[in-house]
Amino acid sequence: MHRAAPRQRQEHNGEQAVPHRYTDGRVSTQRGGCSNSGSITEEGMHKSSPLNPTLKRSSPNGSTLSRFLFWELYREADMLGVLRREVACQGAHAWGLEQGLRVIASRALSSSAKAMTVRDALNSALDEEMSADPKVFVMGEEVGEYQGAYKITKGLLDKYGPERVLDAPITEAGFAGIGVGAAYYGLRPVIEFMTFNFSMQAIDHIINSAAKSNYMSSGQISVPIVFRGPDGAAAGVGAQHSQCYAAWFGACPGLKVLTPYSSEDARGLLKAAIRDPDPVVFLENELLYGESFPVSAEVLDSSFCLPIGKAKIEREGKDVTITAFSKMVGYALQAGDILAKEGISAEVINLRSIRPLDRAAINASVRKTNRLVTVEEGFPQHGVGAEICASVLEDSFEYLDAAVERISGADVPMPYAANLERMAVPQVEDIVRAAKRTCYRSTALAATA
Amino acid sequence: MALTRRSLHLHLIRPIFSARLLTTASTSPISIETSLPFTAHNIDPPSRSVQTSPHELLSFFRDMVLMRRMEIASDSLYKAKLIRGFCHLYDGQEAVAIGMEAAITRKDCIITAYRDHCLYLGRGGTLVEAFAELMGRNGGCSKGKGGSMHFYKKDAGFYGGHGIVGAQIPLGCGLAFAQKYSKDDSVSFMMYGDGAANQGQLFEALNMAALWDLPAILVCENNHYGMGTAEWRAAKSPAYFKRGDYVPGLKVDGMDALAVKQACKFAKEHALKNGPIILEMDTYRYHGHSMSDPGSTYRTRDEISGIRQERDPVERVRKLILAHDLATEKEMKDTEKEVRKEVDEAIAKAKEMPSPDPSELFTNVYVKGLGVEAFGADRKELRAVLP
């Protein structure tokens, strides 16, 4: 079969690594990797004014960066309406406008430079949605008095009472069905599975009672329910507690399937899920709960919401597209930093939504980079990556310069021993290696060139 | 035309003889004894003496005849291949649907499995919508997209129509949960068969209903056969009304509409105050499990005809009407003829309706489609944007 000539051959000859700007303002430093808890805004605040054009960054684009930051903060501040309020109070006409904006922006900076764990993000999202709509209630094992098996529902029982925060017995089929029935009537349940491995006991209700009802009833019976909980591998929990269900649920029409990565994702997507009139499967990750991410004031606002079905470009690049979701986004970003040092510019897409899948964003990215690596934690066969690869082959075939690559969990039940477990899930070096293969940079191929 | 309501306002287009029969029927109370006493578990049974009225008895008769005729007509339509797939018929069990409706309001919820045609009618569904749905036409109650097992009427508290045996019980407990949460002062009836009575999720849901005092009434329509398996071959204990253990139960003659009415009224009062209760309706289906099942390989024809002669619910009400001099034989025969005509007209009307438009393949997948794409079998040929 004739292979299409590569559209652009990227010549990277070990030139100096180009630091990358993330779309939320973070920049990877020379130290390598982008730590999730640090952010340029925080560092800027501590070391020097971010509006100072002589900002000390080891980036050739220092001044561009600070100007960028200025406008980022201005935009953030304005979103709060802070700008308008401050200007109104203090009379901007008495100041130089730019000076006024600097003060306001720095105030906004000090209030917006916050870090939040994913756990707190989920908790606050649940709290706000329960406060806003009395029809929202939470049901699951240990969600009430135990404060949540992973403390996601901490404090909700005290605040909303036992009628809205219900401790269920260990009967997933029963309480998932009760949740769906309550949704039929018009309530908005949030059903927690302690992990999604246990959702298999209730999967008939998720698929047959929830996902299909609106269609079978031709719109009479809608099901505004959210099924949430940790999905995928934890650490050392063995085969029955480590499966990722994104591909299974993502296959089913009538469901929406979301996979947050950062705290912003967690807040925005959970709020969107609770407000959505359709059944949503919300796949969290236990190992991300304790991770801290920067959140802007916009994210902290109680009206904040992210659109369902839209992916996020976490890192812009031009040589290879790496798609990932949930914990793997962090790995993909780390891989991107390593690749950058070797002169490969990776574009990392945080899928955020498995169903609907943002095929437009994925294809647009691949048409730009001409190479694709999909990353997921789950089993490879019929996985999310398989669907992405098929979509790209169907819609962007002529744009591909290399075979599509899939990185996934190993095709085995999850072993317990630490060394085997490590081999059973994707590691950063796996992603790096696959990306290099798409760039014809792997050492094995070099010998035959 | 829908079933008779308990009001005296009837359509003026009703033929004179039947209209006279029902409009002039009085609502003055009559007290009638149920044929059998109730058997109770962990509760004191209600009285055998049921309050009814001439109007109610006559409407019982008409409505059950209508249901019977609809099911028999569906049998013919299925054999004529106008109904496809599954078709589970309710004839023989009409008294359960009718008696229940007489005891409750439309604010109470009913949810059942796949033997749902008559319950749909009882909740106010029309014959035309029922037949159109069975034949997959766009005028059906689910616009032709559900089929026999997926009839719904949410505005009248009818939540389907479910194909998965036993799933409707946790769903029904969920409805009860929502009613209690919303302080609606209403109850949910979840119907299931002797086959579903062994499902684990029933006990999971019942446990939670009892823990949380939900206004849930579990109604086991025990027609003694779970598909082809007799109850004694499937259940170690076929005393389904006792299977709730700590949950009280009542065994009812399900072929006696008045007994059903009394039991449901009693159960509703109980559930609103004390939480769940189980009703076991001792009933019988004349047809097989579905139209694919002749119904005679696992039971004798003598058994079927014996029940028809001795326990038929329609005949029981007919005898009551005659015994209390509420109508003549001829008047009742005329009612039956009129019902038959009504059913035939509904079928004719439903047959004229078109199939759903091809664009309906992609509607109602979501309430909020977000403009995403959905695909047909050949995605390069058939794609749609979900609204």
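Which helix of chain B is Ala348(B) found in? The answer is helix 12, which covers residues 329-352 of chain B. Bear in mind as you read on that this is a predicted model.

Ala348(B) is partly exposed, since its relative accessible area is 39%.

## Two helices side by side in chain B

Let's look at that helix pair. Helix 2 of chain B takes in residues 54-79, and helix 5 of chain B takes in residues 127-134. Their axes come within 12 Å and cross at roughly 25°. An angle under 35 degrees counts as roughly parallel, so helix 2 of chain B is roughly parallel to helix 5 of chain B. The crossing itself is right-handed.

Sorted by class, that gives eight nonpolar residues, one polar and no charged ones.

## The seven-stranded sheet in chain A

Over in chain A there is an open sheet of seven strands, with mixed pairing and the order 3-2-4-5-7-6-12. Strand 3 (165-167) and strand 12 (353-355) of chain A stand at the edges; each has a single partner strand, so one side of each lacks a neighbour in the sheet. On average, neighbouring strands of this sheet are turned by 20° against each other, direction ignored.

Zooming in, strand 2 (residues 136-140) and strand 4 (residues 188-192) of chain A pair in the parallel sense, over five bridges. Within this pair, Phe137(A) stands opposite Pro189(A) of strand 4 of chain A. Helix 7 (residues 172-185) of chain A packs on the sheet and touches strand 2, strand 4 and strand 5 (226-230) of chain A. The direction of helix 7 of chain A makes about 165° with that of strand 4 of chain A.

Most residues other than glycine have a negative phi, and most peptide bonds are trans. Here are some exceptions, starting with the peptide bonds.

In chain A, a cis peptide bond joins Arg355(A) and Pro356(A), with omega about 0°. Pro356(A) sits in the loop between strand 12 and helix 14 (359-369) of chain A. Strand 12 of chain A is also one of the edge strands of the sheet. In chain B, the bond from Gly160(B) to Gly161(B) is cis, and its omega is near 25°. Gly161(B) belongs to the loop between helix 5 and helix 6 (168-181) of chain B.

## Lysines with positive phi

Lys151(A) is not a glycine, but its phi is positive, near 65°. You'll find Lys151(A) in the loop between strand 2 and helix 6 (156-160) of chain A. With a relative accessible area of 33%, Lys151(A) is partly exposed.

Is Lys183(B) buried or exposed? Lys183(B) is exposed, because its relative accessible area is 65%. Its phi is about 55°, again positive in a residue that is not a glycine. The place to look for Lys183(B) is the loop between helix 6 and strand 5 (188-193) of chain B.

Key: Residues numbered from 1 in each chain as written. Chains lettered and ligands numbered in written order. Predicted model: local features only at pLDDT ≥ 70, side-chain atom pairs only at ≥ 80, totals over all residues. Heavy atoms only, no water. Pairing = 2+ DSSP bridges. Helix = DSSP H or I, 4+ residues; strand = E, 2+ residues; numbered from the N terminus. Axes fitted to C-alpha atoms, helices over the stretch in contact; angles between N-to-C directions. Contact = heavy atoms within 4.5 Å. Parallel < 35°, antiparallel > 145°, perpendicular 65-115°, else oblique. Left-handed = near helix turned anticlockwise from the far one by under 90°. Nonpolar A, V, L, I, M, F, W, Y, C, P; charged D, E, K, R; others polar. Buried < 20%, exposed > 50% of the residue type's maximum accessible area, 1.4 Å probe, protein only.
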